[in-house]
Amino acid sequence: MGDEFLARMDAAAELLDFAAASPEREVDFEIMSFGLTGEQLKKFGKSARDLAQVLLKFVDKDPDLRPKERQVVKLEDPTVARVIYKLLNRVGHNGRMPSRRTVLLRSMLAHQISEFEFTLSQLIRLILVSRPELLSGNASITLAELEGLGDVASARELVIERKVDDIMRCSMDEWSSWFNGIGVKFKEMTDDWSTFVEIFARRNLMIHTGGRVSEQYVRQLRDANKSPAEMPGVGDQLDLDEEYLLEASEQLLAFGFLLITGTWLQVNKATASKAEAWISTRLEQLLERQHYRAARVISNTVLSKSRGRLRRPTEISLQIMLWTARKELNESEAVMREVTAWDPGGLDLRYSHARSVLIEDDDRAVSEIKELLRRNDLTTVDLLTSPLYREIIDRRGQELISTKAVEALIAEQRVANALPASVALDPGDGGQKDQ
């Protein structure tokens with residue numbers, strides 16, 4: 001379920017690329033003149049120019065220059081008149097249509113929340129199947145329905161389905177109360193509860209009011225303890241942009257990730273070690289996919305809430321990934337101070353070498369990375385895909401990677417990891433073993 005959620009949210013996030021690249025629609029003026037004779041085309045051209053002159057007068061910024069009397073454009077040929085009418089009608093229609101970018105951004109927000117809610121419903125269903133005692137006292141099924149179903153298992157499925165539907169229709173505070181009842185602190189799955197609530201409230205605005213702030217929107221944010229200084233007024237118009245959608249996407253991704261793992265650890269405590277391994281490996285995957293904001297929230301939350309229950313290697317890995325995410329989010333100075341003060345003494349080189357990499361001690365980092373490559377504890381693929389090594393590869397890549405195969409791979413990864421084209425490779429060591 002966790003892997004399915006990550007994949008679906010990643011696919012939804014890709015809509016941002018379409019929104020940014022999608023060209024805005026244009027009126028095809030040329031097609032409007034198809035079917036006109038040569039003489040009619042001349043009349044059409046003259047009428048269009050006359051109309052343009054009239055329109056320009058009326059959009060002039062100086063009201064004193066606008067004509068005081070009625071302006072008339074004569075359209076004697078009925079076919080030409082029909083073309084002009086259709087042209088104006090189409091321009092007016094297009095002018096009323098929201099831009100493609102607006103439509104895509106609104107669709108993206110609705111789609112991402114839909115994916116989140118789908119996973120939430122599946123998660124609640126899984127909990128009810130694993131914890132049937134949560135259904136006691138809540139089952140409601142008629143005798144006719146029971147006779148039609150024929151067996152207890154089918155009846156249980158129907159009761160679970162209805163219970164899931166009931167919960168999904170509840171408010172977010174009621175979701176929180178329900179999850180709290182099974183030991184999962186719902187509101188602790190995000191670093192900013194009021195911002196998370198706002199994402200859902202804005203989705204409702206986009207669907208029901210076209211983005212105009214309603215009393216319900218303000219009440220929801222007030223109940224979530226949103227700062228009064230950040231509260232819009234009723235009637236204000238809220239829009240969407242790429243930055244908002246990116247932040248919302250990362251918030252939803254992080255929340256779902258943490259909710260799935262939190263539920264996993266509560267419902268199936270016997271597999272805690274497997275859950276821990278999933279957290280570590282999937283967080284690494286999120287970093288490679290450049291979900292830095294989500295990775296920061298996830299790693300920080302897991303580290304702060306685990307209270308020493310993580311295995312030491314997992315804890316160190318999460319801390320390194322947290323520093324890496326923060327560095328990519330322009331927190332380099334703070335990360336540098338923290339990592340400089342970090343004493344990795346006693347740790348295996350697989351973990352301790354991250355200090356040299358993060359504080360940009362390049363000579364030491366190159367030496368340690370070479371040793372890890374020799375030991376097969378690190379591969380050239382790791383160097384090319386992990387953002388931890390992005391800057392050291394930029395500066396000293398020619399000392400670490402030299403095979404033809406990797407040269408091709410680095411060209412492929414340059415776009416994903418934002419590596420500049422100046423990275424130099426030494427093609428000479430053709431005998432080096434491919435990692």
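**View 1. The secondary structure of the predicted protein model is 21 helices and zero strands.** Helices (H or I, at least four residues) and strands (E, at least two) are DSSP runs, numbered from the N terminus. The model is predicted: local features need pLDDT of at least 70, side-chain atom pairs count only at pLDDT 80 or more, and totals for chains, interfaces and linings use all residues. Residues are numbered from 1 along each chain as its sequence is written, and side-chain values use heavy atoms, leaving out hydrogens and water. Of the 435 residues, 41% are buried (under 20% relative accessible area, 1.4 Å probe, protein chains only).

**View 2. The largest nonpolar core holds 65 residues.** Such a core is a set of buried Ala, Val, Leu, Ile, Met, Phe, Trp, Tyr and Cys residues joined through side-chain atoms within 4.5 Å. Leu109, Leu120, Ile124, Phe179, Phe200 and Leu259 touch the most other members. Helix α12 (residues 242-267) gives the most to this core, with eleven residues.

**View 3. Leu259 and its contacts.** Contact means heavy atoms within 4.5 Å. Leaving aside neighbours within four places in sequence, Leu259 meets Leu120, Leu123, Phe179, Val184, Phe186 and Met189.

**View 4. Thr261 sits in helix α12.** Thr261 is buried, at 4% relative accessible area. A polar atom of its side chain lies 3.1 Å from the backbone oxygen of Phe257. The Thr261 side chain also reaches the backbone oxygen of Leu258, at 3.0 Å. Beyond neighbours within four places in sequence, Thr261 is in contact with Trp278 and Ile279.

Notes
Buried means under 20% relative accessible area, exposed over 50%, partly exposed in between (1.4 Å probe, protein chains only). A polar contact is a pair of N or O atoms within 3.5 Å; within protein, one must be able to donate a hydrogen and the other to accept it, and residues adjacent in sequence count only if both atoms are side-chain atoms.
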